[in-house]
Amino acid sequence: MTRFILKRLGSGLVVLFAVSVLTFFLLYISSGSIARNILGDQATPEQLAVKEAELGLDQPIAARYFSWLTDALGGNLGTSWFTSEPVASSLATRIPVTMTMVFAAMILIAIIATLIGVAAAVKRGWVDRVVQIGAIVGDSIPGFVIGIILVTILAIQLGIFPATSTISPGEPASAWVLSLTLPVIALLINGVTGGAQQIRSAVIKQLERDYVRTLRSRGIGEREVLFRHVLRSAAPAGLTVLSLQLIGMLGGVVIIEQIFALPGMGPLAVAATGQSDQPVVMGVVMYTVAVVILVNLIVDLLNGWLNPKVRAS
Amino acid sequence: MSTTKSAPLLTVDQLVVEYPSKKFRAKPFRALTDINITIGRGETLGLVGESGSGKTTLGRAILGLAPVTGGKISFDGKDISHATRKDRRVLSRDLQVVFQDPYTSLNPALEIGDILAEPLGVQGMEAAAAKKRVKELLDQVGLPSDAINRLPREFSGGQRQRVAIARALALSPKLIVCDEPVSALDLSTQARVLDLFLQIQKDTGVSYLFVSHDLDVVRHISHRVAVMYHGEIVEQGPADIVTRDPEHPYTQRLLLASPVPDPDRQEQRRADRHRLLESQRMQHEQAGVLA
Amino acid sequence: MTESVETTALTPVPGATGQTGTVVRSTVLKRLFKNPLGIIALVILLGMALLALFADVLAPFDENFANISKTLASPDSVNLLGTDSSGRDVWSRLLFGAQLTLLSALLCAAVAIGIGLPAGLIAGYYAGKFEAVSNWIVSILMSLPGLIVLLTIRAAFGPSVWIAMIAFGVLISPSYFRLTRSAVQSVRNELYVDAARVSGLSDLRIITRHIFSVVRAPIIIQTAAIAGVAIAIQSGLEFLGLGDPAKATWGVMLSEGFKNVYLTPTLLFWPAFAMALTIGGLVLLGNAIRDALEDGEKIKHRRTRTPGTDPVTGRRPTAAPAAVRPSRKSVPAVDPGTEHHLVKVTNLGVGYPQADGSIKKVVDDVSFHVDRGEILGIVGESGSGKSQTAFSILGLLPDNARVVAGSIQFDGSYTVAPGEERVSQERLSKLRGKRISYIPQEPMSNLDPAFTIGYQLVTPMVRVLGISKAEARKRALKLLTDVGIVNPERTFNAYPHEVSGGMAQRVLIAGAISCEPALVIADEPTTALDVTVQADVLDLLRELQQRLNIGVILVTHNFGVVADLCDRVAVMQNGRLVEEGPVRDILRNPQEPYTQTLLASMLEGKEPMSTLVSPLQKEPVA
């Protein structure tokens, strides 16, 4: 077990390394005009040269990458080229906002999609049709458009929810929840409809398996067959979808945060990439990829726990 | 009909088939060990054994679908142990196959006519000539000519197997490897398809390597029979001797394990089987004591 | 003499035929056009494509023409949908936006297919190193959050829609890769590909002819989905203001509308509507193609002759056997004088409702009984209805099955009373596992792979007999010993994939007798086993049956098995009972021609190489 985890963590590190090299190189392409972007049009060539030296831009790419890497391994992600704020601290203030939304949405998707998917698979009939139609509608509208619609109707027209964030340290928790409700709904609708579809077809597939009939013939009750046996075998399909949805959500949340003016990682990422603010971009990319790797590892472990055959190999 | 004195059509000499293990640096899996068989012209060699005995692998090795790691396969005087795809194209005129599962051995997306024309097209036959040949083939296996424009799924298992036989016959081969061709069929269908195999042999003088797990089937269709067990041939000889009075303990067990359709004779056979198992167990124990 | 007489009996597979018996073959495309949703999708997408294609002609204004004296105007005859905050015509911008949006979606899909499809074909067909390397690349690509990467790409290459879409195409290409690879892997070892290899077809020919046809439809479905995602992503980038400001796109229009949401919320509506309509069209198209394919599958998949397969749709029972509403009226008593039969089936008819409202009968007017300690064999070929009969006694028929006639009584009371449409789950759930149990055909697929064998033996005993787990465990170990398993402790703790098929069948037999039932229904219990294992399992069944004095219904196609075990035999054909009687009478002196034909097909005792089916016995031409 520990060997498996170590192996997966190892390969995760390799992925992280590969992504860092790739991102660093991509940012290098646009780094030519950085100094001018920072100092403005009036800057003299001398000032530009000084700035470039200060940022280490005069050095070859390999050396720059190596110095970033050693710093990063030592826990120092550098400081923003534009705001001079340490990357680690600006991430630290923004991660909680983003991750609260993403994980809240994830958990809600898992619960709601499972309930709907199982109901559709078992009941069939109108429940199934509603789920199918819901899936088509859900798939048809991108999450951020749902966000816009929610803001327009529920916040701006009806005023039930705040249109923009009220997240600041002094606010009570209820204000927090209230201001995160709409963004989380916008994030999760696509996930729920897609996830419910997957769970539905996985459950139907399992219900068709021979062993289900044998369990019934042994006098095992319908509820136990469904929740202990069928759902367990259907779960890996659901988990895989969930992990893919999480990856998508880490991107989608950027736009959602923009719509709701939330101080999460989204605005940071947009601003930093717009300016080619290399330390910040590297920080954001590394963090998100690390989250993805970790979640994938957890999904693999869960799958192993659910399926003894996987565990053996 | 029996083997002529001339060189046999197919000779398999000390064949070894090994599959590389999926696991890193593990020992390869040995599917066949030291296989020696021959098949004469117009002769049927029955190959019988249980699942995992290697009987299917032997057929696939001859067809070039399993890796030959040792020994030699000669067909019509030529060494085909490591024939290339190009060699196979030439070889396919004389060496053909009928698989077990008539449901997956035909591409569900292709019409029967296209399936049958495929081997003809590979040999460069013109479309018109191929079509004529396809009609002949359908007639030969007892299918109506309107089958040409139909899809496999419109046919029953037995009929599909006839299509598969027609495909094998398309190029008038000298040897057909039949891999459990009647195992997936109902009893009465099985009887008809066996009749067809025999009729074709009578008409064309083709040879069969007939692979089956069913001793009754093998006895019915074969001139000679080889028995496989754990990747080796444990016994081979004339069909009636091997299938009625076998020498090898495994073949003896196999023979008595297959139930007969009469309660009293079956009771007798059951008793015989228990006696055999008992005596083999005692022999085994004695051998163990001696060793 | 050829035997064309017999085989021209081109009996079409049931299910592949329409009511008239003629074969109706419809291609996927035809089925797609028959589906109203498919037509709606095609109309929407075609309409969008035409609007985009002729945007230059249809648009009254240039996309960036701004009439600053007329900002945020309501729709009128000049500006059909009004103007935005810079006085630009919304309708014109919508059209040009369609152009750019559709093109970028196409570009993205083209890039993704261009990379994913060939890579998937090669990896799937040849496997080996190429597959290992591409799998690794795929796992990297798939762990990248798309939008973040696109932001980075934009930082590097500037605000180009096309570069963004190419990058996104690369990012999403794993979806095609995985789809193609698994499709290829599933057919790579199909026997028809082997047959093509034997015929000497080149790899290229095999891939184009036999393999590409398999991935074609899934690729189209996938493309519909991916194009939708590409539109969403592209619009999202534009919405964030990361696109080319000189271009009108739906995303930019959304952003513009969102800025003016307090003044003119309708500005939001049109781009959102266009987007939802287009993506919705793609989603519908994908669904319609999938449905069209699955309709074809239904017929194709009849090949699995697994009992319990619904002979009508080719589907297995899908949902739980629907519980019949507990009927208030009491169940009538069985006919006096028949109470002593363990099970009695009277004039049973089982059918499946068809699309046209008729009912297709798979079991028709079947009657028999089984007494305690007696073994009844039900013999027949595939499609004879023998398994359907057995499952109706167990109450495990597929959900859509109807009992159309007759009754079933068990131990003196009805489980299906005359006139009832369905098997009463209420009555049968009390009997199943406890009084009636079941031995399936395929040992491996009938054990839940996720649970140990011990768990699967213990739980029914705990539930049915109400004994403690420890007690049940003790009994399970004893049962495993009873069915001839040498090391019961180890088997108890093993998972199903860790034991052999013969062992798994012994476990299933142990499970069937664990609660000391009065009746065991064994559905082809030895068919999946090797002959020598079959003989052992038959010995085991006989020994247990005699020791426990249980009644057995043995469904089989093998007369040898019948001779070995059964006291009486019922022969079935096409849902009807042909003949029934003591085993010696039926096997030695069959009265019905069908039974005679079946027995004549047996090879045992036949002259080798003789013709088995005489022309007289051949089936009539259908």
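**View 1. Asp76(B) and its salt-bridge partner Lys174(B) in the predicted model.** Asp76(B) counts as partly exposed because its relative accessibility is 23%, a class that lies between buried (under 20% relative accessible area) and exposed (over 50%), with a 1.4 Å probe and protein chains only. Its side chain meets that of Lys174(B) in a salt bridge of 2.6 Å, N to O, a term for a side-chain nitrogen of Lys or Arg within 4 Å of a carboxyl oxygen of Asp or Glu. Lys174(B) lies in the loop between helix H5 (157–169) and strand E7 (175–179) of chain B, and Asp76(B) in the loop between strands E4 (68–75) and E5 (78–79), so the pair ties together parts 98 residues apart in sequence; helices (H or I, at least four residues) and strands (E, at least two) are DSSP runs numbered from the N terminus.

**View 2. The salt bridge between Glu118(B) and Arg209(C)**. The closest N and O atoms of this pair are 2.5 Å apart, and because Glu118(B) belongs to helix H3 (residues 112–122) of chain B and Arg209(C) to helix H10 (residues 203–239) of chain C, the contact joins two chains. Glu118(B) is buried, at 5% relative accessibility, whereas Arg209(C) is partly exposed, at 24%.

**View 3. Arg568(C) and Glu374(C), a buried pair**. Their side chains form a salt bridge (2.6 Å, N to O) that links strand E9 (residues 568–573) of chain C to the loop between strands E2 (359–370) and E3 (375–379), 194 residues apart.

**Notes.** In this predicted model, local features need pLDDT of at least 70 and side-chain atom pairs pLDDT 80 or more, while totals for chains, interfaces and linings use all residues. Residues are numbered from 1 along each chain as its sequence is written, chains are lettered from A and ligands numbered from 1 in the order written, and side-chain values use heavy atoms, without hydrogens and water.
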